[in-house]
Structure formats: structure tokens, C-alpha cells
Amino acid sequence: MSTEPNAASTGRPRAAADHIDSESIITTPSMDPFYLAPAGFESAGPGTVLRSREVTLALFGVIRQKVSAWQLLYKTTSLDGAARVAVTTVILPVGGRARRQRALLSYQCAIDAVSDRCFPSYVLRAGARAVGSVPQFEFMIILYALRRGWVLSLPDHEGMDGRWGAPDEPGYCTLDGVRAALSFEPLDLAATTPVALWGYSGGGLATSWAAEAAADYAPELDIVGAALGSPVGDPGSAFSRLNGTIFAALPALVVEGLRRTYPQLDRVVREHVAAAGLEALSSLHRKTTVHAVVSMVMHDLERHLDIPLADLLATPEMVQIFQDIQPGKSAPKFPLLVVQAVHDPMIDVDDVDGQVRRYRAAGANVTYIRDRLSEHLSLHPIAAPVTLDWLSDRFAGKPTDESSTNTVWSLAGSLPGLRGLLGLAVSTGRAFAGRIG
């Protein structure tokens, strides 16, 4: 469906306000007029749906899934309070009736890139060419969550220009995506529909910002809980630790994303980084996450600097930015679930421990589970069944226990965990067969 007139009926060239055929050739967001802000959108309220279209979703862009899905272009807000637009993908099982679901889950994908080839709204569509993008792998978990009967919202939480690592703004984008979904008529949801938030890794960080912003930015939403999987904890610490390692692309991607958010950082980078380093950063615009990681193994950003990296990180601009991008500054009013691998080579457990401590010090209720045997990539599917059960309890209105920290050998070790993993395996098999998750 679309809220816009068809170009053929008007005799005008196709423009931003025209109908966009959801089954036409798939292009990246920067080349797709659906993503362009319509004239006068600034006067709309946050979360207002500006344009919509029905789309076909496919696993790895090839195996079409039997779900009902729409994309919503909506108004949101930037870090500095300016009006922006963003897109969320909303999903129902085929024939699903949203009013019977009584719940909306906003799932924040681990975009972890600055290229729009990694945005969920592009990655999950049939015909997308996004080899190496993380949301393509997460789609199997998303389809498993869909089996719970909930409506799902998958926002492009980095905005239109890939501002990975930015503080606060991913939260605004996520919450406005929820507002858009609640008001979108085909979903038949009510303004009072209970909402939960979930994300892992970069998606967990975005979910952290949404949880922290909710009370002030979207107090009308009935958010019952948020699940934060390996939510980074301290991006500044991760930057210093990962530079020059096999995951060196991740801090480079953060620098490139933050340059789009902080003009002062862009100035510092241009002042101190040599031409070869600037070219390495610019090349990330074209790369999916896996492609970036492979191409920058053991890459040391310091070799492109005219001053030691430690001196650069000690500049007032960098100190302030690293303070800005550290989550845990406020306590959400709803309960949190945090899961983290003890031996995680990407996200240090100490950083996530610190995020949990900050939440609790501010008064938040946090259930924190640390897994000894998992690492970063394996923990997400292993923790998914436990996370979904916890979210189900929040939607059911069950009371939460007091804040607790529990270090286990493996979340897969319990009977419910094993049963959940079996269900995830079955769901994944159905997804590869082109059936509903």
C-alpha cells in the first residue's frame, strides 16, 4: 500500500511524494525516493507516518518469507533537536490480526555500519544485495520472535546517514518508530498497546538509548520492559581496545559514524589524519560490516595520525564525545534484562558491568545474566529463548524480581533454554523453506 498518488496517473516524473511500487527494482535507501522527506514534514508531530508501502521480505534477500510487511517513513528528531525522517519495517504473520496480538516489540538490529546497504529496511527486502550485513543473520531470530504473535517494528535507528555510535538519537528514532507503528491503520493497534524493546550488540546500544530516552521523549508509550544484549557498555573503551586487532574495523566505523554527528570530530580528524587514513574511513561508506571487518584486520588508526593516538583521545573534543556516547546516565522506569558473555572478544564484560552499575545507581531494576561459555556471536541465538520468555512475562504483566546478577555456565544449559534453542532451529529451518518463522 502507499499513501501517495501514482506517478503514471499524474503525468509527472516520479518524485519523493509519488507512489513507489514495492515490487520494483530494489535500490539502496540513498537511491530510493521513498526515503526522501516530503515538503513541509517539519510541521508534523514526532512519529507521524509520512509515507508507507507494502514490501516483500526475504532471508538473505533470496528466500521470500510468508509475512505481511510494510515500511513506514516517519518524522523523528536528531541529537540537536532538528526534524529528520527515518524508516521502520513493521511485520505481521500472513493473515495476522494485530488487535489480537496486544503487543508490539521494537527490535533494534545490529546495523554496525555506516553504509545504507546495512539498513534493515533494505537488507531484509527480497532482492537486496547486502552480503555481510548483520541484520540478514538476525532475521532468523526476528522470525522466531514473530512466532510469539507480536507485531514487530524494525527501525533504521541510525537515521538516513548512518550515524553509528551517536548517543540519544537512535533512541528517538526507535521511539518514533514505535509511535508510527501504533498509529499505522493496517496494524490495528491502540495507543495503549504494550511495547517492549530488544536489541543485541549495536542494536543493544540503540535499545539502551531508547530505554533511557523514553520517560522524557515518549512518556505516553506503555513500555513494559527492555532487553539489552551485549549493549557495548562503554564505546570509548571498546574503541581503544579494538583498534589494531582483528576487529579494528569496528572503531573505524564508529569514528566515521560520529563524524556525521559531531562537526568538531570531523574537524579533528581532518586536521590530524593523513590522506590514506581519510581514504580508509571514506571507503567504509561502501562496505557492509563483515566486508569492513575483513578488509581492516589488524588495522591501526594511529599509523595515519600526525600525533600519538593517546594524545588525540585526550583532546577536549574527544573526551567530551566519549562521555556523551557512554550509556547508563539515567534509569528507565521499566525493568531491564541485560545479557553478556563473560569471555567476549568484542564487548568487554567489564564495560557492560559498568553500564549495569550505572543503571542500578540511578534506580533501575536490572536482571543481569552473564554467560561463561558463550562469546559475542554465539550468545545472541543462545540467549534469544530466555530473552523472549522474559519479554513474554513483561507483556503478561508478571511482576519482576529485585535486581540481580547471575553468572551461569551457559544460558543453553537449562531445560527451557534447550527447548527454546530447538524451537529456534525449527524456526530457522522453516525460514530457509520460505515458510513463516
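Q: What should I know about the model before we start?
A: The model is predicted, so local features need pLDDT of at least 70 and side-chain atom pairs count only at pLDDT 80 or more, while totals for chains, interfaces and linings use all residues. Residues are numbered from 1 along each chain as its sequence is written, and side-chain values use heavy atoms, with hydrogens and water left out.

Q: How many cavities of 30 Å³ or more are there?
A: The structure holds three. A cavity here is a set of points, on a 1 Å grid over the protein atoms alone, where a 1.4 Å probe fits but cannot get out. Grid points are joined across faces, edges and corners, and a volume is the space filled by probe spheres set on the points.

Q: What is the volume of the largest cavity?
A: About 180 Å³.

Q: Which residues lie nearest its centre?
A: Phe239, Val255, Val269, Leu301 and Leu312, out of 16 lining residues; lining residues have an atom within 4 Å of a point.

Q: Which elements give two or more residues to that lining?
A: α8 (249-259), α9 (263-272), α10 (275-283), α12 (309-313) and α13 (316-324). α8 gives the most, with three residues. Helices are DSSP runs of H or I with at least four residues, strands are runs of E with at least two, and both are numbered from the N terminus.

Q: How does the lining of the largest cavity divide by class?
A: It has 14 nonpolar, two polar and no charged residues. Ala, Val, Leu, Ile, Met, Phe, Trp, Tyr, Cys and Pro count as nonpolar, Asp, Glu, Lys and Arg as charged, and the others, Gly among them, as polar.

Q: And the second largest cavity, how much space lies in it?
A: About 60 Å³. Its lining has six nonpolar, three polar and two charged residues, and includes His157, Glu158, Arg163 and Trp209. Helix α6 (residues 202-217) supplies the largest share, four residues.

Q: Back to α9. Which of its residues are buried?
A: Leu265, Val268, Val269 and His272. Buried means under 20% relative accessible area, exposed over 50%, partly exposed in between, with a 1.4 Å probe and protein chains only. Seen down the axis of α9, these buried residues fall within an arc of 100 degrees, so they line one face of the helix. The arc is that of the directions from the helix axis to the C-beta atoms. Pro263 and Arg270 are exposed on the other side of α9.

Q: What about α16, how far does it reach?
A: Helix α16 (residues 415-432) has 18 residues and reaches 26 Å from its first C-alpha to its last, close to the 26 Å expected at 1.5 Å a residue. The expected span is 1.5 Å times one less than the number of residues.

Q: Changing topic, where is strand β1, and is it mostly covered or open?
A: β1 is residues 49-55, and it is mostly covered, with five of its seven residues buried. It pairs with strand β4 (residues 67-77) in the antiparallel sense over six bridges; two strands pair if DSSP finds at least two bridges between them. Val55 stands opposite Ala69 in β4.

Q: Which residues other than glycine have positive phi?
A: Asp112, near 45 degrees, is one, and Ser201, near 60 degrees, is another. Asp112 is in the loop between β6 (104-108) and α3 (120-123), and counts as buried at 9% relative accessibility. Ser201 is in the loop between β8 (194-200) and α6, and is buried with a relative accessible area of 9%.

How values were computed:
On a 1 Å grid over the protein atoms alone, a cavity is a set of points where a 1.4 Å probe fits but cannot get out, and a pocket is an open set with protein on both sides within 12 Å along at least five of seven lines; lining residues have an atom within 4 Å of a point.
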